[in-house]
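Please look over the notes below with the model open beside them.

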Amino acid sequence: MALHVPKAPGVPQMLKDGARMLTGLDEAVFSNINACKQFAQSVRSAYGPNGMNKMIINHIEKQFVTSDAGTIIRELDVEHPAAKLMVLASQMQDSEVGDGTNFVIVFCGALLEAAEELLTLGLKPSEIADGYERALDKCIELLPGLVCHEIKDYKNVDAVVAGIKPAIMSKQYGNEDFIAQLVAKACIAILPEKTTFNVDNVRICKILGAGLQQSEVLSGMVFKREVEGDVTSATKAKVAVYSCPVDVTQTETKGTVLIKTADELLNFSRGEESLLEKQIKEIADAGIKVVVAGAKFGDMALHFLNKYGVMAVRLNSKFDLRRLAKTVNATVLPRLTTPTAEEQGYCDSVRVDEVGDTRVVAFVMEASESRISTVVIRGSTDNYMDDIERAIDDGVNTFKAIARDGRFLPGAGATEIELAQKLLQYADTLPGLEQYAIRKVAVALESIPRALADNSGANATEVINNLYKAHKDGKQTYGYDIESDSGEVCDAKIKGVLDAFLLKHWGIKYAVGVATTILKVNQIIMAKRAGGPKPKQPAGSDDES
């Protein structure tokens, strides 16, 4: 008879074999804090304009070279449950504001590092979490008083460029003036009068070759495709958009045709041709100069389109088809019929251009109000253009934040040091144990200018001291000057280093929220992993686990 070994009493008895359970400060809380600290440390060196790039090869072996924390955490498959919470907070910041993903992770890592010290001193996790939440409330209360700049006219290019530039500067230091101009032009061209600004309406088309300075903004859309027929340009054109193939319509039911004479055979094929010609002639007679289809053009259809001087463009992506329909204000038709006046679109100019050695089809709207604008990026390598695209994406998201709330806070670590100084004063007024946690939030806020100084090669302690000295003298907008060699401070407002109010507001909220959530976890229970075969490892992988 097989020997039955009883399980240990308690929780393990209830769970399947292979389940793991971690309890208490050492096993659960400290292991979570350590994982988050390591994760924050790896992203911290990418913070700010002088941040280092990371080279990431994701699970499908695509390579990224970037200092954008949003991309880094999206492409890394983070497994640890606590570090995953930081990733989620960072992704929430990305969807809410579109920038400041690194700020959330660095600040959250610093909060947890400070909490570790307090825990070793004997404070309870719940006391630290309460102190952090009180500090958060105080920060949110103080932030509106630190606003130093506000954009009221969203259609003023110079004002918008000043707001967008700092967001781009952290990704593309040195090219920020040029990229900010591109983004401002693209966004203002499509800013609607009544509804909110939609980030999706700024498209990006990357074309290899030349340099960044040859990039430009077009009102309308650009596609890296050739036209199908012989007609390569059309001006003041009516546009018909179809989601079906432009070809002889296939019948839905199969039938057998009995042909007895040669004349019947000739007439049979001629009947199909004449029907197709009639359809295309009707389309041309309606004034349509451009036909866009989401599927193939038949040879016979192309012959008749060329005969009637109609331009044919094929788009494989149904998303591009929808966006183009929105741009030219057309309705996507599912069958090859003549569009009514309401279903037709209009475009000032449709032409084939050659950008570098790449042929593109450009739908250009010359009117002042366009629904979609396209930024054509030029660059020497795909990786470089991907990084420019990420910088433009941050700029567009910043414009969206400006359209919601035009207030700005001083950047370069000025806001963080001012908040830290005020929190230290606030902590002195509290009698309970929360004051220790609030002091640690002030220390964690210092980690932002400290990261800027470390990444710029300056002495971080000296920079923090200089900042505190300036803020003690009432210079609220003074931040770290990354262009100085010896840890000098400068007026961030005069230098134009500004952070969107929403970015700091949500960033501090999400970081403190994650830190308190992780501190309140005292048990980790992991069920046994689901069975089944493991995914096949790529060739040459040394992963034996």
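1. Basis. This is a predicted model, in which local features need pLDDT of at least 70 and side-chain atom pairs count only at pLDDT 80 or more, while totals for chains, interfaces and linings use all residues. Residues are numbered from 1 along each chain as its sequence is written, and side-chain values use heavy atoms, with hydrogens and water left out.

2. H5 and H6. Helix H5 (residues 101-121) packs on helix H6 (residues 125-142) at about 140°, and their axes lie 10 Å apart. Helices here are DSSP runs (H or I, at least four residues) and strands are E runs of at least two, numbered from the N terminus. Axes are lines fitted to C-alpha atoms, for helices over the stretch in contact, with angles from 0 to 180 degrees between N-to-C directions. The pair is therefore oblique; angles under 35 degrees count as roughly parallel, over 145 as roughly antiparallel, 65 to 115 as roughly perpendicular and the rest as oblique.

3. Residues between H5 and H6. Leu111, Ala114, Ala115, Leu118 and Leu119 of H5 make the contact with Pro125, Ile128 and Tyr132 of H6, where contact means heavy atoms within 4.5 Å. By class there are eight nonpolar residues, no polar and no charged. Ala, Val, Leu, Ile, Met, Phe, Trp, Tyr, Cys and Pro count as nonpolar, Asp, Glu, Lys and Arg as charged, and the others, Gly among them, as polar.

4. H6 and H14. H6 also packs against helix H14 (residues 434-445), at about 55° with the axes 8 Å apart, and the two are therefore oblique. Ile128, Asp130, Gly131, Tyr132, Arg134 and Ala135 of H6 meet Glu434, Ala437, Ile438, Lys440 and Val441 of H14. That contact has six nonpolar, one polar and four charged residues.

5. H7 and H8. The angle between H7 and helix H8 (residues 176-189) is about 125°, and the axes are 8 Å apart; the pair is therefore oblique. Among the H7 residues in the contact are Val157, Val160 and Ile164, and those of H8 include Ile179, Ala180 and Val183. The contact divides into 11 nonpolar, one polar and three charged residues.

6. Largest pocket. About 840 Å³ of space lies in the largest pocket. A pocket is an open set of points on a 1 Å grid over the protein atoms alone, where a 1.4 Å probe fits, with protein on both sides within 12 Å along at least five of seven lines; lining residues have an atom within 4 Å of a point. Grid points are joined across faces, edges and corners, and the volume is the space filled by probe spheres set on the points.

7. Pocket lining. Of 47 lining residues, Pro49, Pro166, Ser170, Val497 and Asp499 are the closest to the centre. H7 gives the most, six residues. Elements giving two or more include H5, helix H12 (382-404) and helix H18 (501-519). The lining has 23 nonpolar, 12 polar and 12 charged residues.
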